[in-house]
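Dear colleague,

Here is the structure I promised to pass on to you, and below it you will find my notes on it. Please read them with the structure open beside you.

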Amino acid sequence: MSVHKEIKRITTHTLLEFKQTGVKISMLTAYDFSMARIIDGGGIDVILVGDSASNVMAGHETTLPITLNEMIYHASSVVRAVNRALVVVDLPFGTYQGNSKLALESAIRIMKESGAHAVKLEGGAEIRESVERILTAGIPVMGHLGLTPQSIYKFGTYTVRAKEEAEATKLMEDALLLEKSGCFALVLEKIPAKLAGEVSKALHIPTIGIGAGGGTDGQVLVSHDMLGITKEFKPRFLRRYLNLYDEVQNAVKQYVDDVKSRNFPNEQEQY
Ligand code: KIV
């Protein structure tokens with residue numbers, strides 16, 4: 001029997017046990033009830049209600065515009081579908097940076113109004129106070145370092161981060177600091193595989209990588225990307241498991257043809 005079938009409900013403690021016993025952690029994003037039900041049933045360990053909803057659900061260019069209310073809407077839809085996975089929700093841009101009181105209020109709203117199990121924040125030393133204050137309320141916090149899309153206007157591009165020694169050193173320091181502050185896990189986005197492997201070895205908490213190589217304790221992808229719902233986004237790290245954009249569009253074309261040609265509905269498809 002596979003590991004995921006033996007476990008009733010994934011908790012932050014399960015993820016730590018996975019790291020200690022060398023079991024890799026699987027994580028995907030979901031933003032709505034129907035997709036979350038499919039993904040949870042597929043045996044995923046962690047569902048991230050990512051602020052990538054801003055891109056793939058709402059069509060914004062960046063993750064910055066999505067609001068706390070919108071994240072709570074997506075998160076509560078996901079939570080209603082999930083029986084096994086740990087549900088982690090991104091605190092959106094502007095709801096935690098530079099203000100730990102606001103960070104705590106935002107995290108409490110997410111937990112109370114959506115029923116999710118943990119929150120995720122982007123950044124290192126600069127958000128330490130917010131992380132620690134959220135933890136005082138008993139809310140588990142996942143960190144996120146490397147390419148942090150909420151800071152895209154500071155970075156200027158979505159290219160690989162921490163290639164230079166100074167940024168790599170700062171990333172390692174931030175990772176250790178987030179662990180010390182009490183984070184239960186860390187996302188490492190788009191950094192060199194060697195650095196991600198070193199960070200993963202240095203930490204007791206699990207790391208979950210996206211574009212960070214095979215040395216992390218787990219992997220995360222945006223479900224719309226791995227299912228091929230998005231078409232133009234083709235980074236090197238992305239493995240597509242389906243080509244749903246074309247498959248769905250072909251089904252739509254077939255339906256349009258069937259309606260126009262009076263092939264649908266047939267005798268059996270009516271009352
Ligand atoms: O919002 C998101 O989907 C994320 C993942 C890319 C880790 O933060």
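Predicted model: local features only at pLDDT ≥ 70, side-chain atom pairs only at ≥ 80, totals over all residues.

The ligand is the next thing to look at, and the residues around the ligand are Thr29, Leu48, Gly50, Asp51, Ser52, Asp90, Lys120, His144, Val187, Glu189, Ile210 and Val222. Among them, Ser52 has a side-chain N or O atom 2.5 Å from an oxygen atom of the ligand, while for Lys120 the corresponding distance, again from a side-chain N or O atom to a ligand oxygen, is 2.9 Å. Asp90 also places a polar side-chain atom 3.1 Å from an oxygen atom of the ligand. Taken alone, the ligand would expose 260 Å², and the protein buries 95% of that area.

Finally, please turn to helix 7, which is formed by residues 128–136 and in which Ser130, Val131 and Ile134 are buried. These three residues cover an arc of only 100° around the axis, so they lie on the same side of helix 7. On the other side of helix 7, by contrast, Glu129 and Thr136 are exposed.

How values were computed. Residues numbered from 1 in each chain as written. Heavy atoms only, no water. Near = heavy atom within 4 Å. Polar contact = N/O pair within 3.5 Å; in protein donor to acceptor, adjacent residues only side chain to side chain. Areas by Shrake-Rupley, 256 points an atom, 1.4 Å probe, with all protein chains shown as cover. Buried < 20%, exposed > 50% of the residue type's maximum accessible area, 1.4 Å probe, protein only. Helix = DSSP H or I, 4+ residues; strand = E, 2+ residues; numbered from the N terminus. Arc of directions from axis to C-beta.
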